[in-house]
Amino acid sequence: MTQPAIGDAFGEMIRDAYAVHRGVGRRPLAGGRYPRPVIEVIEREDGLINGAPAAHYLSEPDDWRSFDHRAVRLCRGRALDIGVGAGRIAIELQRQGVAVTGLDTSAGAIEVSRERGLRDTVLATVDEFSRASVRYDTFLLLGNNLGLLESAERAPAFLAALARLAAPGARIVAQGADPYGTTDPLHVAYHERNRQRGRLGGQLRLRLRYREIATDWFDYLNCSVDELKSLLVGTPWRLKSIDEQDRPYYVAVMEYTG
């Protein structure tokens, strides 16, 4: 079987989703005439395939989930939106007068977020950008981007990189999801296999696919609140609050203690 080319699958998907959203430019067509929904395809290492419309990356605040609104209200001072995507959160903060930087590793995502009006963007990993001289008061990991902690092994380095960018009293506002309420046998079995391998149950090994392109494989972490507390031990961050109004989704606020 032919394997997909490795590239900026997320960026290509966002470009097409934005074209469909505007009705202008390149966009996938059904039957050569009508635009079709752009679908984000997520492939898990065990062969499980999931797909969802990509339009939510372009959603306006009226279409956000309630926890997004509550998370945004926790933002203060200069903000770094990590995994900015198409800029939905950062652009709204910019409208509100917040000094916000959007960071992403996808060139296509940065291109679209800038085209949509986001003024300050960075194409880099968190580790690469942590060498910058700027300091931030709020780090945003929204859209389930608490998952960027990746694993118990990776989380300390990720949190240390944010600490290097942190102003005194800085905070991380992160949205996550507790994976353990599911009764789906595919997910329950995957959690158990992870534990047998010494991994956190909700540690995912994924790649994104779009048309003929795929990303490299990467880790993405869904963790419980208790697991998050354990990941913070020994780091310069402490858990200040948890908003669990929309379980299994939650918003965690972590404060810098350095």
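Strand β10 and strand β15 (residues 249-256) pair in the antiparallel sense over 7 bridges, where pairing requires that DSSP finds at least two bridges between two strands. Within this pair, Val-173 stands opposite Val-253 in β15. The model is predicted: local features need pLDDT of at least 70, side-chain atom pairs count only at pLDDT 80 or more, and totals for chains, interfaces and linings use all residues. Residues are numbered from 1 along each chain as its sequence is written, and side-chain values use heavy atoms, with hydrogens and water left out. Helices (H or I, at least four residues) and strands (E, at least two) are DSSP runs numbered from the N terminus.

**Strand β10 and its partners**

- Strand β9 (residues 136-141) pairs with β10 in the parallel sense over 5 bridges.
- Leu-141 is placed opposite Ala-174 in β10.
- Between β9 and β10 the chain passes through helix α6 (residues 155-164), and this β-α-β crossover is right-handed; the term applies if, with the strands pointing away from the viewer, the path from the first strand over the helix to the second runs clockwise.

**Tyr-136 in strand β9**

- Tyr-136 is found in strand β9 and counts as buried at 1% relative accessibility.
- Leaving aside neighbours within four places in sequence, Tyr-136 is in contact with residues including Arg-78, Thr-101, Phe-129 and Leu-165; contact means heavy atoms within 4.5 Å.
- The C-alpha atoms of Tyr-136 and Asp-178 are 28 Å apart, and the two residues are 42 residues apart in sequence.

**Nonpolar cores**

- The largest nonpolar core has 34 residues, of which Ile-82, Phe-139, Leu-149, Ile-172, Leu-228, Trp-237 and Met-254 touch the most other members; such a core is a set of buried Ala, Val, Leu, Ile, Met, Phe, Trp, Tyr and Cys residues joined through side-chain atoms within 4.5 Å.
- At least two residues of this core are supplied by each of β6 (79-82), α5 (126-129), β9, α6, β10, α8 (225-232) and β15.
- Helix α6 provides the largest share of this core, 6 residues.
- Another core, of 19 residues, lies apart from it and has Ala-79, Ala-90, Leu-93 and Val-100 among its members.
- Phe-139, with neighbours within four places in sequence left aside, is in contact with Leu-80, Ile-82, Leu-162, Leu-165, Ala-166, Ala-170, Arg-171, Ile-172, Val-173 and Trp-237.

**Helix α1**

- Helix α1 (residues 9-22) has 14 residues that should span 20 Å at 1.5 Å a residue, and its end C-alpha atoms are 20 Å apart, which agrees; the expected span is 1.5 Å times one less than the number of residues.
- Helix α1 is mostly covered, with 10 of its 14 residues buried.
- Among these buried residues are Phe-10, Glu-12, Met-13, Asp-16 and Tyr-18.
- The buried residues of α1 pack against β4 (39-44), α4 (107-115), β11 (203-210) and β12 (213-214).
- Gly-23, whose phi is positive, near 75°, follows α1.

**Backbone features in loops**

- The peptide bond from Arg-247 to Pro-248 is cis, with omega near 10°, and Pro-248 is found in the loop between β14 (237-243) and β15.
- Asn-144 has a phi near 65°, a positive value in a residue other than glycine.
- Asn-144 is placed in the loop between β9 and α6 and is buried, with a relative accessible area of 18%.
- Glu-150 also has a positive phi, near 75°, in a residue other than glycine.
- Glu-150 lies in the loop between β9 and α6 and counts as partly exposed at 27% relative accessibility.

**Asp-68 in helix α2**

- Asp-68 lies in helix α2 (residues 66-72) and is buried, with a relative accessible area of 4%.
- The C-alpha atoms of Asp-68 and Ala-90 are separated by 12 Å, and the residues are 22 residues apart along the chain.

**Annotated domain**

- According to an unreviewed UniProt entry, the annotation "domain: Methyltransferase" covers residues 80-169; UniProt positions are given in the numbering used here, feature names are shortened, and annotations may be inferred rather than shown by experiment.
- Residues 80-169 are 34% helix and 23% strand, and the end C-alpha atoms of this span lie 15 Å apart.

Note on methods
Buried < 20%, exposed > 50% of the residue type's maximum accessible area, 1.4 Å probe, protein only.
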